[in-house]
Structure formats: structure tokens, C-alpha cells
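Let's walk through this structure together, one part at a time. Keep the viewer open as you read.

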Amino acid sequence: MLAGGAINCPPEASALMVSGRKNGMPEAGVTEAKWAELDRTIADLFVNPDPVLHTAMQESEKAGLPEIEVSPSYGKLLFLLAKMIGARKILEIGTLGGYSTISMARALPQDGRLISLEYDPKHAEVARKNIERAGLSNIVEVRIGKALDSLSKIHTAGEGPFDLIFLDADKPNNPAYFEWALKLSRKGSVIVADNVVRYQEVAGIAGAKTFLEVIAKEKRVSATAIQTVGMKGHDGFALAVVTADI
Ligand code: SAH
Ligand code: DHB
Ligand code: MG
């Protein structure tokens, strides 16, 4: 966004654009706590109350899982993306307690399918219970194992193509996951990759810079990356649509 004196912008709109900012920089009062608070307000408007997701988070926390699930508004974004493309088949890499899994699976029709890959059996167990409680067990399958092994099996078994693929597991493997995602796609498939940015640098997450370069150079997709702020701090995701016949 432009700071003061935006071109082609009436003065009153320009004043609105710069409020809370000086010379394009956040004022001292703009803090992470305020971003988080606003994110909660947004979640309360567009997501909450959601007893199923709330319980899923509580159960994950009780079981000692790391609190690294997507935020409520991000989960809703995944739901919306799935709805927008009329997804029938979704693949997720990195289940944790099933928060994003449930968010996406809710967008599927009754005969839809979501496969989620998880390395840690404890995470998978918590996720399965959360998914069961969400009434989504008939649509969702959590597969335990190293994602690279599971992906290879999915490919061999011809279970693709998937309409939406969400990459959210161990970050250094993202370039390899992206390659598999392409193999398991069709023209029009959407690939979302979480945490391509973290705390003001792409290097804040292992291999993220390389991963962004991999996506940017890939001729079979059209893509971008978006930085986010909110209750998960400074973060970001990449979004790609497959433009080639796979
Ligand atoms: N998508 C979840 C968060 C996933 S956190 C949500 O938003 O709700 C990342 C998960 O990836 C963790 O549960 C971790 O155990 C799993 N993971 C890490 N390495 C993996 C691997 N090689 N294969 C499969 N899962 C892996
Ligand atoms: C972290 C956040 C994530 O969304 C993730 O998938 C992995 C790690 C983190 O904050 O460390
Ligand atoms: Mg993540």
C-alpha cells in the first residue's frame, strides 16, 4: 500500500490509507498484540462460535500437540478456496490435530474425499478423534507415515488427481512435496503451501527461500506468495494454480 500522497487517490482516501502509519512505516503503537487481537475479532465475526473446531483445538492442546495449526481465519480461507473451486478431492500433507483437515473437509460434498498425511502416530490419533467428532470420518482418511512414502504410494495406486493440495509438514521437504503435488494434480488444481514466510524473512523457515524460487520457476503453475499478520505472528503462504495439462 502507498504511503502519503498516493497517486490517483482523492485526499480523503489517501488520509485513510495512511492512518496509523508514518512514511509508510507502522507507528510505534502498531504491535503484534494488536494484530493478534484484530485477528481474533475477525475470527469471532467469521468463524466463531465453532464448537467442533474449538473442541478439536482443546483436545490437541490437552494431548500436548504443538500449537501450530492454522489460525481460524486461515482455516476459513482454506474452506473458501475448496468451495470456490468445487473441490471433491483434497490432499493434505501434515495433519497435526486435524484443525485444517476439518476446515477443508467441511467444504467437500458427501461423496468427497480428503487424505491427510501424518508422520506422528500420536498426532494422527488425536486428529482421528477430532475428525470423528466433526462427523467427517466417512470423508477423511489420516494416513500414518513419512509423507514422501505415502505420496509415492498414492501415486502408484492412482488415487489422484486432487483438486486442492495443502502442504503443511516439514518445511525442508517442501520442494519435494511440491513436485509430488504436481504429479497428483490436473490442470486447474490448486496448491497451497503454508509458512513460506515467518518473522520478516523467507529464511526464517528452513528452505523457504529455495522453495519460493522453486515455485516461481515452475512453468506448470501460476503462483504468488502472501504475507500475513495475526495471532500466528508474521507468517505467509504460497498459492498456485496448475496451468498445464499434467
Ligand atoms: N495442517 C495442520 C498443522 C500441521 S503441523 C493444521 O493447520 O491444523 C505439521 C505436521 O506435520 C505435524 O503434525 C508433524 O508431525 C507433521 N510432519 C512432519 N514431518 C512429516 C513428514 N515427513 N511426513 C508427514 N508428516 C510430517
Ligand atoms: C510453525 C508454524 C506452522 O504453521 C507450521 O506448520 C510449523 C511450524 C511454527 O510457528 O513454528
Ligand atoms: Mg503451518
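**Starting from one alanine**

Find Ala 82 first: setting aside neighbours within four places in sequence, its contacts are Ala 87, Ile 90, Met 104, Ala 107, Leu 108 and Leu 164. Keep in mind as you look that this is a predicted model.

The largest nonpolar core holds 58 residues, and Ala 82 is listed with Ile 90, Met 104, Leu 164, Ile 165, Leu 167 and Ile 191 as having the most contacts inside it. Which strand gives this core its largest share? That is strand 7, residues 190–198, with six residues.

Now step back to the chain. Its secondary structure comprises nine helices and nine strands. Of its 246 residues, 39% are buried. Take the contacts between residues at least 6 apart in sequence: 68% of them join residues at least 24 apart.

Next, turn to ligand 1. Around this ligand are 18 residues, the closest being Glu 69, Gly 94, Tyr 99, Ser 100 and Ala 147. Helix 5 (99–105) and strand 4 (113–118) are the elements that contribute two or more residues to this shell.

Finally, how far should you trust what you see? The mean pLDDT of the chain is 89, with 85% of its residues at 70 or more. Residues 1–20 have a pLDDT below 50, and this stretch makes 14 contacts in the model beyond near neighbours in sequence. Where pLDDT is low, predicted coordinates should not be read in detail.

Note on methods. Residues are numbered from 1 along each chain as its sequence is written. Chains are lettered from A and ligands numbered from 1 in the order in which they are written. This is a predicted model: local features need pLDDT of at least 70, side-chain atom pairs count only at pLDDT 80 or more; totals for chains, interfaces and linings use all residues. A residue is near a molecule or strand if its C-beta atom, placed from the backbone, lies within 6 Å of it. Helices (H or I, at least four residues) and strands (E, at least two) are DSSP runs, numbered from the N terminus. A nonpolar core is a set of buried Ala, Val, Leu, Ile, Met, Phe, Trp, Tyr and Cys residues joined through C-beta atoms within 7 Å. A residue is buried if 20 or more other C-beta atoms lie within 10 Å of its own, exposed if 12 or fewer, and partly exposed in between; C-beta atoms are placed from the backbone. Two residues are in contact if their C-beta atoms, placed from the backbone, lie within 7 Å. pLDDT is the predictor's confidence in each residue, from 0 to 100.
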